Amino acid sequence: MDAYTKVKLARSSSRPTGADYIKNIFRNFMELHGDRRFADDAAIVGGIGFLHDMPVTVVAIEKGHSAKERMKRSFGAPNPEGYRKALRLMKQAEKFRRPVICFVDTSGAFCGVGAEERGQGQAIAENLMEMMTLDTPVISILIGEGGSGGALALSVADRVWMLENSVYSVISPEGCASILWKDAKRADEAAETLKLTAQDSLANGIIEDVIPEDDIGSKGYYRMIREKLYSEIKILKEEKDLTGKRYARFRAFGSSGEEAK
Amino acid sequence: MAFLKFKHAPKNELEKGGRGEIAPAEINEQPSKTCPKCHKKITLSALWARHNVCTCGYHFRMNSRERIELICDKESFREMFTDIESQDPIEFPGYISKLEAIRAESNENEAVICGTAQIGRQECCVFVMESYFMMGSMGTAVGEKITRIFEYATENKLPVVGFTVSGGARMQEGILSLMQMAKTSGAVKRHSDAGLFYLTVLTNPTTGGVTASFAMEGDIIIAEPGATVGFAGKRVIEQTTGRSLPKGFQKSEFMRQHGFIDAIVDRSDLKAVITNVLKIHKAGS
């Protein structure tokens, strides 16, 4: 399957969304709204619940399925208040020693006048900083599109996994093609070039695992993810110097082959 | 940690110092350019004497070496990490040759220079991004250098003064350039958690992945007048929303009004303001 076909699959509205994962994996989930500063962003669903017997905090970018729902969710493009809500819930998780699980699916942070006025860049930057030292296990799963800074803002984690047909990229293939070749129609070429598939990300060492999608959406599929999360969090809970290791994980990206002086 | 001697390469970059057009050379006329704000002609030598600021107050761009000369005490800058250069991690077509051409033309090997210096006799670490090197875009080398200067500052208990100018992440390095946002933010956080001071000075333009990481992470954030500061590009916002943008959108004055910038400081006052802020933090530590 070529890279651009994967991009289209990753964007498909028939894929399970963040809310589907929450509903099918966690027990007694309660959604918690708002960033306590400005508003509640419907593009991010956050809350608390159980993963088996383990209390957890869950943060998920939600795209919605129907046209109406997708409008309401800004097509999964979070505003600054969405990232601030996510950070509020993650800090709360740290306080109560709850692990954090993020489901990431966005073409990018919301692009608009209001988002800029409310500090989209600052909101993302703050999440990157604060997640790096969040003293509780964090696992992020890219379930569809991993669009640039808007996706990274929920992916500073101890483990990052990607679904088999998800993508992770610094820029959309269309954006890349239009900047580089002044031709958005060459997006398929750009998709190959950008090495944005889950398999490329695994090969580049920026994620730990690729999750197969054979029976995506089935009971067995969600069970598989639930068990995988549960056993990995048990391992992470035993780790010494978790945040030191998280920093080392990101510190290694792009510093290979260069000897420190 | 070896200090490499600052190799000063004086270059007359003024002709590329901003959006002003260079006037055609006429007989007996000094080379000049037209200010995009007041539309008056100003000679390059007059502009140079005013640190690339027009008499009307318009701030033209300034390259990183000129910036060091303006801000750091005479001959105090010791450049570090000069051997770090971008690789071609995703084998992006044409990237290596583009890098080589820019290195030859700019005399720099990456889009940021880092080192230690004294500013008003205050010891500090400094990084200055370079707009003439692929529009200050952040790839693995920029990320690595910024990370290392923060690690060095943390280890040696020094404040960091950083000048940002960037079009964002460098797409030619794919996902690894995105990861630099997290990596640099982690280094800033560790420096911050050690109780150390970080000052960012936003210069025109600071956008994209740099805004969404270390540019917005300073304890104090100041900006030059009229600098574009934002996350998404203006054209992209207009195309996406179909709305025309408010007056002064994403200018530093606009960002201050919305609460994201502590102060706007004229270039001629920058050194004095930075010195003062460093002194206040030193006295408090």
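1. Start with the neighbours of A:Ile211. Setting aside residues within four places in sequence, A:Ile211 is in contact (heavy atoms within 4.5 Å) with A:Ile141, A:Trp161, A:Met162, A:Leu163, A:Glu164, A:Met224, A:Ile225 and A:Lys228. Keep in mind that this is a predicted model, where local features need pLDDT of at least 70, side-chain atom pairs count only at pLDDT 80 or more, and totals for chains, interfaces and linings use all residues. Residues are numbered from 1 along each chain as its sequence is written, chains are lettered from A in the order in which they are written, and side-chain values use heavy atoms, with hydrogens and water left out.

2. Where does A:Ile211 sit? You'll find A:Ile211 in strand β8 of chain A, residues 209–211; strands here are DSSP runs of E, at least two residues, and helices are runs of H or I, at least four, numbered from the N terminus. A:Ile211 has a relative accessible area of 1%, so it counts as buried (under 20%, with a 1.4 Å probe and protein chains only).

3. Now for the two chains. Chain A puts 47 residues in contact with 60 residues of chain B. Together they bury about 4400 Å², 70% of it on carbon and sulfur atoms; that is the accessible area (1.4 Å probe) lost on being put together, summed over both parts.

4. Two salt bridges link chain A and chain B, meaning a side-chain nitrogen of Lys or Arg within 4 Å of a carboxyl oxygen of Asp or Glu. One salt bridge joins A:Arg251 and B:Glu144 (3.0 Å, N to O).

Definitions and conventions. Buried means under 20% relative accessible area, exposed over 50%, partly exposed in between (1.4 Å probe, protein chains only). Buried area is the accessible area (1.4 Å probe) that two parts lose on being put together, summed over both.
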